[in-house]
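Welcome! Please take a moment to look over the sequence and the model below before reading on.

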Amino acid sequence: MTSATPSAPVLEARGLTKTYGALRALDAIDLAIGAGESVAIMGASGSGKTTLLHCLAAVLAPDAGSVRLTVPGRAPIELAGLDETARSAVRRTHLGFVFQEHLLLPELTAAENAALPLIIQGASRADAEAHARGWLQALGLAGMEDRRIGELSGGQAQRVAIARAQVTGSPVVFADEPTGALDSATSAEVLSALLHATVGQGRTLVVVTHDADVAARCDRVVRMSDGRLTGGQAATTSRARGAEEAR
Ligand code: ADP
Ligand code: MG
């Protein structure tokens, strides 16, 4: 509503290709994701969703094509040519990740888990945990900050993972099946928390999901089949247009 001019894409993939031996897991994907947009990636198992997410998120290096990341106040960064050390630095500095709950460290508390990305960035433990506690409270986990992960329900643990993905203020957050292990009521709550913590703060969310309810709450859905996009790949760059196209 504030502007008729679409914002520049925060992520722009061109001809993105990834092969595993003879298998083309990604086959010349073109995709632009606007700043502040929430985009769901759907498709059958094995269609390439995780591979696409990992190439967009500088986890994997593609074999061909480009991925440009443009975050506020920075020159665009071309991810495709970076080595692992450089990709790791980009992930640490600009990107957030919501993995399955079992990737939280079970021997640490909720606050300690959520604080980790800040500690890795060099923050003091006290500052990092104070900030993490703020996010845990904002995500409905007040009073649970000092519990170990095993003392939380699946939905609560996933909110810890969401807090962990937000503490550094990453402008882009990636989630792979964030509600995959949850019942539908818990899934809806966790998704609300994820949307609030990301697009609700002006951040961009890219989420792989099998869940039509999750996809329906995102601005835009892109569908994959055999390493290609089969729908919704138009380079939508504003949330308003995304919502319109999702009808
Ligand atoms: P999805 O997330 O949609 O289930 P993936 O991106 O995980 O799909 O996988 C796409 C295809 O690439 C599948 O056929 C999968 O078996 C294959 N694949 C994924 N990762 C690897 C890998 N590390 N080595 C070999 N093949 C892989
Ligand atoms: Mg997958």
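This report looks at the surroundings of the ligand and then at a helix beside them.

## A predicted model

Please keep in mind that this is a predicted model.

## Around ligand 1

Let's start with the shell. Ligand 1 is surrounded by Tyr20, Leu23, Ala25, Ala44, Ser45, Gly46, Ser47, Gly48, Lys49, Thr50 and Thr51. By kind, these shell residues split into 6 polar, 4 nonpolar and 1 charged.

A polar backbone atom of Gly48 is 3.1 Å from an oxygen atom of ligand 1. From the side chain of Thr50, an N or O atom is 2.9 Å from a ligand oxygen, and for the side chain of Thr51 the distance is 2.6 Å. On its own, ligand 1 has 570 Å² of accessible area, and the protein covers 57% of that.

## Where the shell comes from

Two or more residues of the shell come from each of β2 (23–34) and α1 (49–56). Which element gives the largest share of the shell around ligand 1? That is α1, with 3 residues.

## A closer look at α1

How many of the 8 residues of α1 are buried? The count is 6, so α1 is largely enclosed by the rest of the structure. The buried residues are Lys49, Thr51, Leu52, Leu53, Cys55 and Leu56.

Just past the end of α1, Ala58 adopts a positive phi of about 60°.

Terms used:
Residues numbered from 1 in each chain as written. Chains lettered and ligands numbered in written order. Predicted model: local features only at pLDDT ≥ 70, side-chain atom pairs only at ≥ 80, totals over all residues. Heavy atoms only, no water. Near = heavy atom within 4 Å. Polar contact = N/O pair within 3.5 Å; in protein donor to acceptor, adjacent residues only side chain to side chain. Areas by Shrake-Rupley, 256 points an atom, 1.4 Å probe, with all protein chains shown as cover. Helix = DSSP H or I, 4+ residues; strand = E, 2+ residues; numbered from the N terminus. Nonpolar A, V, L, I, M, F, W, Y, C, P; charged D, E, K, R; others polar. Buried < 20%, exposed > 50% of the residue type's maximum accessible area, 1.4 Å probe, protein only.
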